[in-house]
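Student: I'd like to learn how to read the strands and cores of a new model. Could you walk me through one?

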Amino acid sequence: MEIYVVREGDNVDAIAAELGIGVEEIIFNNQLVYPYELAVGQALFIGTGVRSPRGTISVSGYAYPFINEWVLYQTLPYLSDLPVFSYGFTAEGELIAPLWDDEWMIREALNFGTRPILTLTPFGADGQFNNLLINSVVNNYEYRENLIDNLLGVMQEKGYQGVDIDFEYILATDRDPFTDFVRRVAERMRANGYQTSVALAPKTSADQAGLLYEGKDYAALGEAADHVLLMTYEWGYTYGPPMAVAPIDQVRRVVEYAVTEIPAEKIDLGIPNYGYDWPLPYERGVTRATTIGNVQAVQIAVTQGAVIEFDEKAMSPYFTYVDQASGVEHEVWFEDVRSLQAKFDLISEFGLRGCGYWQIMQWFRANWLLLAENFYVQRD
């Protein structure tokens, strides 16, 4: 496996001749768009042909029920788990189903040998995480048991094989009740043959301050759940200043702390499958970045004639451009095979259970081929 970084004057034909591979392979693997123009600094995946799905690590990817069918079919062979996003609940523990039909995703996941997972989120009427819903359920025995009963009912009815608890902004005073809730969910799930995972905000110390962190006890949750997902992304985010979404130096700090509290074989590393495009100048509270796909980011660079740079500390690609139509300057950070390789190296270095993608709604073929090169075994 090789990662080729495009130089000034390169074209697909010349790169293929230099590397001794087919032009079509480069185009296909990297989703190049006709007439196959390249951006200087663009990283191309050059593989060895390993295509065997499912190997030495666990791989999950969140998806909404409105995912494009073709994208789902392309991705499922690589996934151990498919967390369907998401089910909500009322303050009394009644489940709220997604607005879109999820049964087709469950059926297709099972057809591919992938475990469909019910993702549980405390979304309020405004579509935002609501810690008052969490407070109500985790502190009331009747509501808690009602919610778990309802979860088991839906799982048995629809064919889900596990539950992922994605609660955010938990009140500090609900830290221990939340842990007890996860423990109780996991106990009842195991008794019925299901698994339980919990998503964890990216902490770097046990006493880290902030609403994202204080309600999550890494050690206790790691013990209660079957496995956990570190949400190691969103350093660069919609309303924040331009920066890498998942800078590897920050991701490493989270992993280094997590393995002191949770066995490495129970930890999945969160990986973003997207980037952001910020208009400049950035003004806090005003500027809003646009979410973009990784393939889309490269196409923007090609269209705008931008040179893609690579931040060696964050291990992340980025570029700036001036929009030719509006005259507005932009800064873009995204993921490519170099930044993904840095994350895969971290999984190997720490012996983690695997990885989980937020999210798989956009197809990024080079990511999955690179994952196969790193972790998947060749099958006869």
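Tutor: Gladly! Let's begin with pairing: two strands pair if DSSP finds at least two bridges between them. Keep in mind that this is a predicted model. Here, β9 and strand β10 (residues 267–272) run parallel and are joined by three bridges.

Student: Which residue of β10 is the bridge partner of Val-228?

Tutor: Ile-267 is the bridge partner of Val-228. On another side of the story, strand β8 (residues 195–200) also pairs with β9 in the parallel sense, over four bridges. There, Ala-199 stands opposite Leu-229 of β9.

Student: How does the chain cross from β8 to β9, and what is the hand of that crossover?

Tutor: The path from β8 to β9 goes through helix α8 (residues 218–224), and this β-α-β crossover is right-handed. A right-handed β-α-β unit is also made by β9, helix α9 (residues 248–261) and β10.

Student: Which way do the side chains of β9 point?

Tutor: The general idea is that side chains in a regular strand alternate between the two faces of the sheet. In strand β9 (residues 227–230), His-227 and Leu-229 point one way, while Val-228 and Leu-230 point the other way. All four of these β9 residues are buried.

Student: Let's turn to β11. What are its antiparallel partners?

Tutor: Strand β12 (residues 290–292) pairs with β11 in the antiparallel sense over three bridges, with Thr-290 of β12 as the bridge partner of Asp-277. Strand β15 (residues 329–333) also runs antiparallel to β11, joined to it by four bridges. In that pairing, Pro-279 has His-330 of β15 as its bridge partner.

Student: Why is β11 described as largely enclosed?

Tutor: Buried here means under 20% relative accessible area. Four of the five residues of strand β11 (residues 275–279) are buried, so the strand is largely enclosed by the rest of the structure.

Student: And the nonpolar cores: which residues touch the most other members of the largest one?

Tutor: In the largest nonpolar core, of 98 residues, those are Leu-82, Leu-120, Phe-178, Phe-181 and Leu-371. Helix α12 (residues 365–375) gives the most to this core, with seven residues. Apart from this core lies another, of 13 residues, including Val-302 and Tyr-321.

Student: Is Gln-304 buried or exposed?

Tutor: Gln-304 has a relative accessible area of 18%, so Gln-304 counts as buried. This residue lies in helix α10 (residues 294–304). Leaving aside residues up to four places away in sequence, Gln-304 touches Tyr-321, Val-322, Asp-323 and Gln-324.

Terms used:
Residues numbered from 1 in each chain as written. Predicted model: local features only at pLDDT ≥ 70, side-chain atom pairs only at ≥ 80, totals over all residues. Heavy atoms only, no water. Helix = DSSP H or I, 4+ residues; strand = E, 2+ residues; numbered from the N terminus. Buried < 20%, exposed > 50% of the residue type's maximum accessible area, 1.4 Å probe, protein only. Contact = heavy atoms within 4.5 Å. Core = buried A, V, L, I, M, F, W, Y, C linked by side-chain atoms within 4.5 Å. Right-handed = clockwise from strand over helix to strand, strands pointing away.
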